[in-house]
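Hi there,

Here is the structure I promised to pass on to you. Have a look at it first, and then read my notes below.

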Amino acid sequence: MASKSEAPAIGIDLGTAYSCVGVWQDGHVEIIANDQGNRMTPSYVAITDADCLIGYAANQVTINPINIVFDAKRLIGRRFTDASVQSDMKLWPFKKQFSAEEISAMVLTKMRQTAEAYLGSTNAVITVPAYFSDSQRQATKAAGVIAGMNVMRIINEPTAAAIAYCLNEKASSAADDKINVLIFDLGGGTFDVSLVTIEEGTFEVKATSGDTHLGGEDFNNRMMSHFVEELKIKHKKDMSNDPRALRRLRTCCERAKRTLSCTTTQTTTIEIDSLFEGIDFCSSITRERFEELNMDLFTKCMDIVDKCLMDAKVEDKSTVHDVVLVGGSTRIPKVQQLLQDLFDGKELCKSINPDEAVAYGAPVQAAILGDQNRLDLVLHDVAPISLGFYSIQGVMDVFIPRNTRIPTSKELIVSTFMDNQPCVYTQVFEGENPRPLRNNVLGKFGISGIPPAAKRVPQVTICYDIDPDGIFNVHAVAEDKTTGRKNILTVNNYERLSQEEIENIAADKEYNKVYKASGYEELDRVVLSLAKFW
């Protein structure tokens, strides 16, 4: 095993349902199997008073349903009051009091340990959905730090998949030509579409769109609700408040979805002994009925594809050379049919493993950042969501439009409106609604340390930037016009934790107790937790 200082950086696909880790070495990507020999690890965490189990070991469906935490990726970076969180809570059996960062960090720790057993590496690139918001990106990066890794970069999943596509044998023959590729990434909990132009080793994302709360879990939930209603009709019983019964039914629904995704299967049966109050549940579902239950969601996926093509200014769909399927949910026949129809019958690209494509591309980005094997690839990604201010007209004044290439920055000069005013205040929103208050508040920034002066004398230059991780930052400098003296100002984001709060979380005894019970080291570094939201 290589030493930590010599070991190559790893790439991690942190998925809603499954996670995967890989490394670039000896001129190719190696997907690293876990301690059970599996290349994919369930993103599940089971927590008891005595232990913490991660991955396959956490699948304690019948004995511990309220302590098995899943879907953390659909929670991370969201407020507890978020409508999607409140909706999902009705179907979750778990009751544990941990933030989404903490749960994700436990999954990432499992990935880190898998890689260290093989390489000894703690440098990592972690993937996120392209349509993740600023807070979701920050929270994911924080989870990586909590897991004890040096997070070199946050990379968008469709971009990672585009790298996998380019390195695939089929695409290599066209590597010197300019090609347009649409990455259709429908996973367990999130959906992304990106239009990428590839030319001579340069990847330029033209546009991206998506939904961070749309994926295989939603299809499972539709089927589960269908069978819960069937139980009510047949047996006059409501099992919707029984965590153990719901968990068993969810597992069977996911299995049924996979079965119906096989091209030759039109009908499948669900049989569960003593599902609820002694009832042996037996039912069947056809592919046609499954499609009916989810047709609005499938149609929504196609609408998002249209939006991406429009943003990329693609008027002729024939200029898209390949439509690449990524994510396990792209195996659903109806999804493939609708997508193929959208592109006028074009054959879809299925040459890369949809489960591993993102994990295949992430280590390549890690190798680029680590200058390993001198990979000659260049990535240009974009900001997925527009940023703006509340204008005096009451509308969203966009200063960084969506699909702007990142990194990028924008400067704004403001002044004081009172004599000796020590600070100024600004608020930034992210979203596409013309009304700012219907968008997400990205940050409330208090800029302090302005030297005493008459009103309108200080010139405060505020620089807003989005870094290569897609994370938003603010810097401010005040200049005295009479002396030319400049002062670096303190910027406090009231939507984020202070350093003191960060240190308090790092010392959290309850969290460290869970890690110790699992044999993990006590944490010595941590940033950002969703504790502020919960």
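Among contacts in the protein chain between residues at least 6 apart in sequence, what percentage join residues at least 24 apart? The value is 68%. Contact here means heavy atoms within 4.5 Å.

Before the details, a word on where the values come from. This is a predicted model, in which local features need pLDDT of at least 70 and side-chain atom pairs count only at pLDDT 80 or more, while totals for chains, interfaces and linings use all residues. Residues are numbered from 1 along each chain as its sequence is written, and side-chain values use heavy atoms, with hydrogens and water left out.

**The chain as a whole**

The protein chain has 12 helices and 26 strands. Both are DSSP runs numbered from the N terminus: helices are H or I with at least four residues, strands are E with at least two. The chain has 534 residues, and 57% of them count as buried. Buried means under 20% relative accessible area, exposed means over 50%, and partly exposed is in between (1.4 Å probe, protein chains only). The chain exposes about 23,200 Å², with 48% of that supplied by carbon and sulfur atoms. These areas come from the Shrake-Rupley method with a 1.4 Å probe, and for residues only the protein chains shown count as cover.

Start with helix H9, residues 333-342. Because 7 of its 10 residues are buried, H9 is largely enclosed by the rest of the structure. The buried ones are Pro333, Lys334, Val335, Gln336, Leu338, Leu339 and Leu342. Their cover includes strand E10 (179-186), helix H7 (243-260), helix H8 (287-311) and strand E15 (322-326).

Helix H4, residues 157-167, is mostly covered too, with 10 of its 11 residues buried. Among them are Glu157, Pro158, Tyr165 and Cys166.

**Spots in the loops**

Most residues other than glycine have a negative phi, and most peptide bonds are trans. Here are some places to check with that in mind.

- Asp344 follows H9 and sits in the loop between H9 and helix H10 (357-369). Its phi is positive, near 55°. Asp344 counts as exposed because its relative accessibility is 68%.
- Lys236 is in the loop between helix H6 and H7. Its phi is also a positive value, near 55°. With a relative accessible area of 70%, Lys236 is exposed.
- Pro407 lies in the loop between strand E19 (405-406) and strand E20 (408-414). The peptide bond from Ile406 to Pro407 is cis, with omega near 0°.

Asp242 is in the loop between helix H6 (216-235) and H7, and its relative accessibility of 24% makes it partly exposed. Asp242 and Pro93 are 149 residues apart along the chain, yet their C-alpha atoms are separated by 8.0 Å.

Gln421 is in the loop between E20 and strand E21 (423-430). Is Gln421 buried or exposed? At 11% relative accessibility, it counts as buried. Leaving aside neighbours within four places in sequence, Gln421 is in contact with Thr416 and Ile450.

**Spaces inside**

Rolling a probe the size of a water molecule over the atoms shows where empty space is left. The structure holds 4 cavities of 30 Å³ or more. A cavity is a set of points, on a 1 Å grid over the protein atoms alone, where a 1.4 Å probe fits but cannot get out; lining residues have an atom within 4 Å of a point. Grid points are joined across faces, edges and corners, and a volume is the space filled by probe spheres set on the points.

The largest cavity has about 100 Å³ of space. It is lined by 14 residues, and the closest to its centre are Pro384, Leu387, Glu430, Ile466 and Gly470. At least three lining residues come from each of domain 1 (10-214 + 297-382) and domain 3 (385-500), with domain bounds taken from an automatic or database domain assignment.

The second largest cavity has about 50 Å³ of space. Its lining includes Leu14, Ser43, Lys73 and Val107.

Enjoy exploring!

Definitions and conventions: On a 1 Å grid over the protein atoms alone, a cavity is a set of points where a 1.4 Å probe fits but cannot get out, and a pocket is an open set with protein on both sides within 12 Å along at least five of seven lines; lining residues have an atom within 4 Å of a point.
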